[in-house]
Amino acid sequence: MATLIGRSAELAIVDRIFDTAVARGAALLLTGEPGVGKSALLDAAASRAADKGMRVLRVTGSQFEESVSFAALNQILQPLADGIPALPARQADILQAVRGLTEGQPTELLAIANAVHVLLTHAAGESGPLALIIDDVAWLDRPSAAVLGTIARYVSTVSLALLAASRTGDESFLSSTGIRLHEVQPLDDAAAEELVAERFPAMAARVRRRLVAEARGNPLALLELPVALNDAQHTECGTLPSVLPLTERLKRVFTARVGALPDTTRSLLLLAVLDGSGELHLPQRAMGGLDALAELSPAERAGLVRVDSLTGRLVFRHPLTRSAVMELSTAAERRWGHLALASQLPHGSERRARHLASAAIGPDDEVAALLHEVAYRTLHRGDAVGAITTLLRASELSSTGAAKGRRLAEAACLGANITGDLRNVRALLDNAGRADPAGTDSLAAATAAASQLLNGEGDVDTAHRLLVGAIDNHALAEEVDDNILREALNTLLMVCFFSGRPELWSSFDNVVRLRRPRSSGRLLPVVLGAFGDPAYSALSVLDRLDELISELHQESDPVRIFGTALSAAYVDRLAGCRSALRRVVDDGRDGGAIALAIQAQFLLANDAYAGGQWDDLLEITDEGLGWCATYNYRLSACSGRFLRGLVASARGERSTAREIADRLVSWGNPRGLGALRVYSSHIRALSALGAADFDAAHRLLRAIVTPGEVQPHTPHHLWLLLDFTEAAAHTDHHDEAAAHIAAVRKTDIPSVSPRLAMLTDAAEAMATADFIDHDRFEAAIATPDAERWPFDWARIRLAYGERLRRAKGGSAARPHLEAALSTFERLGAAPWSARAANELRASGIPVHHTAPGHDRRSLLTPQERQAAQLAATGLTNKQIAAQLYLSPRTVAAHLRGVFRKLNVTSRAGLRDALTGPNP
């Protein structure tokens with residue numbers, strides 16, 4: 001039998017009842033609202049009782065047999081019939097008469113109850129403890145109920161577990177017996193999500209969360225509500241109704257009491273459901289000013305609604321009561337309701353536009369235009385999915401093919417760039433093309449197609465041609481939507497970045513000069529300066545960027561959050577964007593703007609790399625890469641893989657690093673993705689530097705860095721400053737290193753951030769061939785808060801220590817080398833730890849990989865320690881992942897770090913390493 005989700009507490013109670021029944025009888029009545037899962041619990045209890053060796057007897061009440069005497073009791077007697085002849089004659093005759101097998105009439109109920117008690121005692125003595133499981137006790141026929149009530153009172157005298165279920169508030173034969181009650185509560189949100197995800201795995205996360213909210217933990221509703229939705233609605237390709245429809249099973253549960261209300265009360269409830277705000281004044285005005293509280297009294301008495309005494313708001317006691325009100329209304333009544341509400345709202349109101357749209361029967365261009373405006377207001381509030389849904393409804397109400405096609409293309413554009421399911425973009429564009437064949441070259445259509453080509457296929461050339469052509473064609477058109485132009489420029493920005501070609505950036509500059517969206521405000525120049533060309537243009541926009549970052553706590557538009565954080569990426573300001581980026585990620589988890597959530601994940605991972613939070617980086621990118629695979633974001637996935645490749649290189653996982661680098665370049669080169677070629681070289685060069693293979697590192701970096709020249713629009717070269725200088729200096733290319741630093745000093749780079757100033761000072765010190773530049777090294781090491789960038793800082797300490805040691809300054813080198821070694825060990829950067837340790841040994845200093853008396857186990861992060869402790873008990877990675885709510889891949893990464901830090905090679909050594917003396 002399938003495991004019940006979220007019912008471990010109830011099953012534990014049932015198990016205790018069964019265990020008690022072995023020695024003496026026990027009884028329990030489960031109560032709860034309709035559909036809460038009482039019957040499922042009884043089914044599970046029957047299975048568990050059978051597994052314990054108990055004989056299971058089942059009785060189910062039925063409203064159709066409620067008038068048939070002893071119908072329920074015969075459900076017990078039938079399976080025990082073979083034991084009846086062995087009873088004393090009087091009891092046997094009574095029970096056979098109850099079964100209708102003799103001509104005699106059943107005697108008084110007390111005698112029948114006594115005979116049943118004797119039969120149950122006899123059966124328990126023959127086969128062991130019994131489990132009597134009774135469902136829907138309120139529907140048992142009266143004679144059976146009376147007999148079973150007597151059995152319940154004296155259950156302790158029989159080796160019997162009596163387990164029954166009834167709706168909360170229903171009177172039954174058990175109500176006066178004094179047996180224990182347990183009310184079955186609705187599932188909590190986590191269990192409800194798990195139940196829906198298990199039964200409907202293809203359902204979009206946002207749809208699932210909507211159903212969970214509406215069902216309010218009712219398992220029947222959780223399993224039935226999806227049945228009433230079509231496939232398109234399951235995957236968010238179709239619009240969900242504001243009030244979810246009910247299946248026939250749910251109608252039987254939720255509509256009976258609503259149907260019994262007076263007509264005026266039902267009309268008022270319908271207006272309240274359509275309004276959705278909970279405020280009573282608008283429905284009251286729409287009903288002509290009647291006394292709303294008086295008219296709601298029947299619904300309050302029926303337990304369907306309540307009016308909050310503090311706020312005066314109308315509260316439905318269960319969300320599906322709203323659905324029941326809708327189910328019992330006609331189309332004409334619903335249209336009347338929407339129009340009545342719209343008539344009470346001001347012109348220009350978003351709520352008025354939505355009510356008019358819901359009341360519209362055919363095309364209505366005026367309402368479609370209102371909805372079009374509403375869609376972009378919704379987008380700027382942060383609800384991208386809601387914006388697309390509104391655009392789709394506006395397209396349905398459009399009377400001309402041109403208007404319909406334009407709105408469908410805009411929905412595709414937002415879907416490609418923001419909500420992120422590239423699988424739906426093509427279908428929307430096809431629909432737009434069929435509605436308006438002449439509009440296939442519109443800016444919205446071109447942006448959607450370019451985004452799909454860029455993110456799904458990595459085709460930067462075609463995407464660039466589409467975008468520049470469409471923007472040129474529409475640059476002077478007054479009707480171009482500012483929001484669509486913004487999305488077009490955002491897509492073109494990423495085309496230019498991933499192409500890695502300065503000439504494409506110049507075309508971007510020309511486009512921006514020609515037409516800049518009014519809504520971009522202060523953001524577009526900041527993105528172009530700080531992200532597009534930080535070496536030459538960042539300094540002029542940093543004040544504006546810092547302002548934008550300081551305002552992120554109140555920013556709801558995910559596009560602006562992403563644009564601001566993107567601008568911060570290469571100028572070391574991502575720390576100020578973390579909270580806002582996490583909000584974007586959370587929205588993606590809830591089924592919102594998934595495309596931006598992916599980018600936000602990788603920006604957070606970018607920040608984690610610089611801050612030395614490498615285990616967090618692996619966890620973040622693991623989720624992001626999963627989204628990329630699900631939604632076909634192949635190019636975005638390369639950013640996540642690149643960051644994982646850097647960590648693998650730094651930690652000496654050379655085969656993993658090589659595999660990632662190969663994958664990036666083999667996918668990027670045929671598509672002209674210069675950024676991926678730089679990513680690949682960066683990973684390989686860092687791996688070579690860690691292994692002290694400076695010739696290989698220099699060869700790799702020399703292919704992408706031109707000494708003496710800092711090319712514009714090459715933002716990632718800021719990450720290569722220290723790498724190139726170290727490789728050049730170690731291979732006696734001091735002239736190249738010096739030329740490169742001189743070129744860097746002529747740009748804005750050292751003034752952009754303390755980290756870049758630190759790296760510039762350190763690189764200049766490394767480039768100096770004839771003497772040790774103590775001033776530059778010391779300045780770099782003394783950078784305020786330098787430990788915020790632990791890997792960079794430790795590399796600088798290592799470089800300084802190497803030079804001091806080789807200049808016979810072993811004692812001066814020691815603190816730098818030991819600081820570097822300690823930091824590298826904490827990061828798990830094994831090859832760099834080895835380099836530092838070798839330098840210390842060459843100085844004649846004994847190497848302790850941790851400080852004297854320091855417990856190596858303290859090097860473990862909290863998650864590493866948890867994973868190690870669970871692995872030491874014998875759990876698999878999958879089992880550990882389930883307990884820690886991580887992916888198995890992340891658990892594996894944590895355990896690799898544990899093995900390295902504790903110097904063990906297998907799980908067998910973990911227990912001793914964790915519990916024994918200092919390893």
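Trainee: How many helices and strands does the protein chain have?
Mentor: The protein chain has 49 helices and seven strands. This is a predicted model. Its C-alpha trace spans about 120 × 75 × 50 Å along the principal axes.

Trainee: What share of the residues counts as buried?
Mentor: Of the 919 residues, 57% do. The chain exposes about 37,900 Å², and carbon and sulfur atoms supply 50% of that area.

Trainee: What share of the contacts joins residues at least 24 apart?
Mentor: Take the contacts between residues at least 6 apart in sequence. Of these, 68% join residues at least 24 apart.

Trainee: Now T747. Why is T747 called buried?
Mentor: Its relative accessible area is 8%. The cut-off for buried is under 20%, so T747 qualifies.

Trainee: Where does T747 lie?
Mentor: In the loop between α39 (734–745) and α40 (749–752).

Trainee: What does the side chain of T747 reach?
Mentor: The backbone oxygen of V744, at 2.7 Å.

Trainee: On to cysteines. How many disulfides are there?
Mentor: The count is zero. C413 shows the reasoning: the nearest cysteine sulfur, that of C496, is 16 Å away. A disulfide needs sulfur atoms within 2.5 Å, so C413 is in none.

Trainee: Is C413 buried or exposed?
Mentor: Buried, because its relative accessibility is 0%. C577 is buried too, with a relative accessible area of 0%.

Trainee: How do you know that the length of helix α33 agrees with its residue count?
Mentor: Helix α33 covers residues 614–631, which is 18 residues. At 1.5 Å a residue, α33 should span 26 Å. Its end C-alpha atoms are 25 Å apart, which agrees.

Trainee: Which residues of α33 are buried?
Mentor: They are W614, D615, L617, L618, T621, D622, G624, L625, W627, C628 and Y631. An α-helix has 3.6 residues a turn, so residues three or four places apart point the same way. Just after α33, N632 takes a positive phi of about 70°.

Trainee: Which other residues have a positive phi without being glycine?
Mentor: A692 and H713 are examples. Phi of A692 is near 60°, and phi of H713 is about 60°. A692 sits in the loop between α36 (674–690) and α37 (694–702). H713 is found in the loop between α37 and α38.

Trainee: Why is A692 called partly exposed?
Mentor: A692 has 37% relative accessibility. H713 has a relative accessible area of 15%, so it counts as buried.

Trainee: How many salt bridges does a search of the whole structure find?
Mentor: It finds 44.

Trainee: What makes R313 and E279 a salt bridge?
Mentor: Their side chains meet at 3.0 Å, N to O. The limit is 4 Å, so the pair passes. R313 lies in the loop between β6 (305–307) and β7 (314–316), and E279 in the loop between α13 (263–275) and α14 (281–286), so the pair ties together parts that are 34 residues apart in sequence. R313 is partly exposed at 32%, and E279 is partly exposed at 30%.

Trainee: What separates R354 and E350 in helix α18?
Mentor: About one helical turn, because they are four residues apart in that helix. Their side chains meet in a salt bridge at 3.4 Å, N to O. R354 is partly exposed at 31%, whereas E350 is buried at 18%.

Trainee: What is the distance between the closest N and O atoms of D723 and R795?
Mentor: It is 2.8 Å. The limit is 4 Å, so this pair is a salt bridge. D723 lies in helix α38 (residues 721–730) and R795 in helix α43 (residues 790–806), so the pair ties together parts that are 72 residues apart in sequence.

Trainee: Are D723 and R795 buried or exposed?
Mentor: D723 is buried at 2%, and R795 is buried at 4%.

Trainee: Which residues are linked with D723 and R795 in a network of salt bridges?
Mentor: E726, E802 and R835 are linked with them.

Notes
Residues numbered from 1 in each chain as written. Predicted model: local features only at pLDDT ≥ 70, side-chain atom pairs only at ≥ 80, totals over all residues. Heavy atoms only, no water. Helix = DSSP H or I, 4+ residues; strand = E, 2+ residues; numbered from the N terminus. Buried < 20%, exposed > 50% of the residue type's maximum accessible area, 1.4 Å probe, protein only. Polar contact = N/O pair within 3.5 Å; in protein donor to acceptor, adjacent residues only side chain to side chain. Expected span 1.5 Å × (residues − 1). Contact = heavy atoms within 4.5 Å. Areas by Shrake-Rupley, 256 points an atom, 1.4 Å probe, with all protein chains shown as cover.
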